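I opened this model to take notes on a few spots. The entries below follow the order in which I looked.

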Amino acid sequence: MSRTAVGAVPTETDEGRRSRAGVHVGRRQGESDLPIDVRRRVDRPDRSAVVVEAVLDALPSPTLLIDADGTVLLANTAWDKAADVLGDDRVRIGVDGDYFAMARRLYGNDSSSTLIDELRALSRGERPSVQADYALELPNGTHWIHLQASRVDQAGQVVVTHTDVTSRVAAERASDWRARHDTLTELPNRAHLHELIDAELQQPDRGPVSVLFLDVDGFKDVNDSLGHDAGDDLLRQIAARLTGSTRSSDTVGRLGGDEFVVLCRDCDTTGAEALADRCRASIDRPFDLGGRMVRLGVSIGIATAAESRPTRVRSTDLVRDADLAMYAAKAAGRNRVRLFTADLRAAVQHKATVAAELRDAVEDGQLVLHYQPVLHLPSGHCTGVEALVRWQHPRRGLLAPADFLPTAAQHDLMAPIARWVLHTATRQTAAWAEAGLHLVTSVNISAGDVTTGTLVADVHEALTGAGLPPEQLVVELAERSVVEDVERAAAQFAELRRSGVEVSIDDFGGGFSSLGQLVAMPTGLLKIDRSLVAYPQGRRSQAAAAIAAVVALAGACGVRTLAAGVETAEQLSLAAELGCTFAQGFHLARPMPVGELTGWLTARAGRPVAAVR
Ligand code: C2E
Ligand code: MG
């Protein structure tokens with residue numbers, strides 16, 4: 001403890017209560033920093049200077065008592081040791097030393113003049129306290145000092161404590177960093193990216209800003225097949241390659257999963273395209289995952305905020321536009337770059353409108369079923385129909401499934417549609433039976449219906465509700481749907497077949513046919529795809545070979561076949577010749593509304609259809 005003659009003893013409140021986690025505990029205007037008992041001592045200057053010194057000395061933080069001009073009147077022991085503890089001679093001042101001069105040396109001219117002004121104001125009683133944090137560059141790194149000053153008496157003496165809060169600031173900074181970065185790749189995360197993009201967009205007189213939205217093609221397969229550690233390793237490698245492909249002024253961030261964003265500062269569309277090509281080339285090189293070489297692609301969307309921006313562009317707008325462009329790139333065949341254009345946004349808005357309308361359409365009875373006859377080739381009689389859904393749109397007229405089912409699938413509307421179709425088709429079939437027309441009706445089921453696991457229950461509920469025997473219902477599942485979830489589909493198919501409902505694989509041969517699937521799947525009917533049946537002029541023998549192969553294969557598995565999309569008499573006779581059991585197609589009849597079909601069926605009752613054509 002070093003001292004000069006002082007009439008009052010300042011002290012400080014407990015340091016632990018003074019400041020927490022970098023946020024200083026505020027004090028109300030005029031509220032003293034001093035405990036009551038100490039203030040009493042301040043008011044009575046005749047109390048022992050020894051007690052005064054002892055109180056100040058008990059403070060763990062380096063503390064000084066200064067007068068209005070910054071002259072040090074008293075320094076506690078912690079202060080006397082501060083220079084050695086910090087290893088900095090600039091703080092080696094004692095009693096009678098100039099605190100303001102020391103502040104200038106330590107904090108620089110600007111910060112120190114603010115501090116000195118504030119301390120003078122405090123000394124004059126114009127403010128209740130002074131608090132500030134300062135960074136000190138010391139030989140062993142940056143130290144953060146929290147300074148707290150309070151006025152002691154009418155003479156304007158001020159007590160100043162200096163607390164080293166370096167570890168607290170470091171912890172705060174680490175936690176702040178973690179909140180803004182992706183821990184796996186150490187890249188800025190979604191929230192921080194948006195902050196950075198917004199900050200860039202708000203810069204006055206800065207050039208165009210481009211955003212690249214990247215989605216890695218094939219990442220999920222690697223993650224699923226090689227495990228999550230390999231997936232993590234891959235993401236880190238991708239992050240490094242992208243960072244290596246960009247300029248130092250660009251920022252690469254990770255949104256999550258396999259989605260990355262690059263913020264390109266002062267970069268127009270042409271520059272962004274060049275950058276996107278570099279990113280694509282960098283991902284194109286094989287990745288080494290613990291000795292296994294993996295090849296990937298990347299789909300990239302680009303959105304640019306032009307240099308002159310008449311309206312304010314926000315980060316969320318720019319990233320959303322780039323995301324739309326990325327989706328368009330993926331839809332166009334993956335591993336491509338696509339620029340955002342206004343029509344992409346219009347298409348999204350249109351889909352959202354269609355989805356909202358479609359939701360109502362199911363409930364408002366705007367869906368209708370058209371039925372296409374199925375011909376039993378050995379007898380020449382129409383023995384069944386396929387129910388095909390349409391949407392009688394109040395403004396746009398009759399819409400085909402292709403116009404609304406993809407949107408329905410994206411907006412979780414397939415299940416209510418499937419239930420409606422099952423309900424309507426089974427009731428209609430029961431009504432025909434009532435009228436003496438015994439038909440087997442096929443309904444189409446989507447992959448989603450298999451995935452949700454409600455297919456069997458929905459089918460049985462519809463049959464029971466309609467009072468229709470299960471033998472009069474066929475459930476058709478497109479070949480592609482089956483491929484995606486073979487085991488799940490097989491279990492449900494088996495259950496349906498056990499209950500008497502026939503199951504058929506639709507569009508067989510039109511997509512990703514797997515012959516093994518035929519064996520694995522408990523199906524009773526294979527619908528041969530139109531692409532095989534409706535052969536072009538001059539390709540009869542090739543079509544015949546393909547159809548014959550499918551018929552033979554199906555026959556070996558005990559499965560019957562239906563030739564779909566029969567458009568000519570020749571195609572019909574070929575299907576019959578090659579042993580198909582059923583045929584369906586425009587040549588026989590187009591799908592038609594129920595009223596029309598009832599007439600069509602009644603007119604042909606008892607007569608072989610093929611003979612009437
Ligand atoms: P799909 O199950 O293969 O149905 C046959 C489609 O081919 C029908 O088209 C039908 O009109 C058409 N078609 C029939 N014969 C011929 C022909 O000779 N030539 C040509 N060019 N086309 C023919 P539609 O009604 O537009 O249905 C298209 C697809 O929509 C259906 O293909 C089916 O996958 C799906 N779909 C239809 N209704 C439903 C439904 O209720 N639920 C589900 N999930 N999908 C349905
Ligand atoms: Mg079908």
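Predicted model: local features only at pLDDT ≥ 70, side-chain atom pairs only at ≥ 80, totals over all residues.

**Ligand 1.** Then I looked up its polar neighbours. A polar side-chain atom of Glu-567 sits 2.5 Å from a nitrogen atom of the ligand. The side chain of Arg-390 places an N or O atom 2.8 Å from a ligand oxygen atom. Val-389 takes part through its backbone: an N or O atom there is 3.1 Å from a nitrogen atom of ligand 1.

**The magnesium ion.** Which protein donors does the magnesium ion (ligand 2) have? I noted Glu-386 (OE), Asn-444 (OD1), Glu-476 (OE) and Asp-506 (OD), lying 2.1 to 2.2 Å from the ion. The spacing of the donor residues in sequence is E-x57-N-x31-E-x29-D. Glu-386 belongs to strand S17 (residues 381–393) and Glu-476 to strand S20 (residues 473–478), so I wrote down that this pair, 90 residues apart, links distant parts of the chain.

I also checked whether these two glutamates are buried. Glu-386 has 6% relative accessibility and counts as buried. Glu-476 is buried too, at 1%.

**Nonpolar cores.** I turned to the largest nonpolar core, which has 74 residues. Leu-358, Leu-367 and Val-459 have the most contacts inside it. Helix H14 (residues 414–434) gives this core its largest share, 8 residues. Leaving out residues up to four places away in sequence, Val-459 touches Leu-422, Leu-473, Val-475, Leu-496 and Val-501. Another core, of 30 residues, lies apart from the largest one, and its members include Leu-214, Leu-234, Cys-267 and Ala-272.

**Helix H11.** After H11 comes Gly-333, with a positive phi near 125°.

**Asp-250.** I looked up a loop aspartate next. Asp-250 lies between helix H9 (228–245) and strand S10 (251–256). At 7% relative accessibility, Asp-250 is buried, because the cut-off is under 20%. Its side chain makes a polar contact of 2.6 Å with the side chain of Arg-247. Not counting residues up to four places away in sequence, Asp-250 touches Val-262, Leu-263, Cys-264, Arg-265 and Leu-275.

**Positive phi.** Most residues other than glycine have a negative phi, so I noted the exceptions I came across. Glu-186 has a phi near 65°. Glu-186 is in the loop between helix H6 (166–180) and H7, and counts as exposed at 54% relative accessibility. Asp-507 has a positive phi of about 55°. Asp-507 sits in strand S21 (residues 502–508) and is partly exposed, at 34%.

Definitions and conventions
Residues numbered from 1 in each chain as written. Chains lettered and ligands numbered in written order. Heavy atoms only, no water. Core = buried A, V, L, I, M, F, W, Y, C linked by side-chain atoms within 4.5 Å. Buried < 20%, exposed > 50% of the residue type's maximum accessible area, 1.4 Å probe, protein only. Helix = DSSP H or I, 4+ residues; strand = E, 2+ residues; numbered from the N terminus. Contact = heavy atoms within 4.5 Å. Donors = N, O, S within 2.8 Å, 3.2 Å for Na, K, Ca; no water. Polar contact = N/O pair within 3.5 Å; in protein donor to acceptor, adjacent residues only side chain to side chain.
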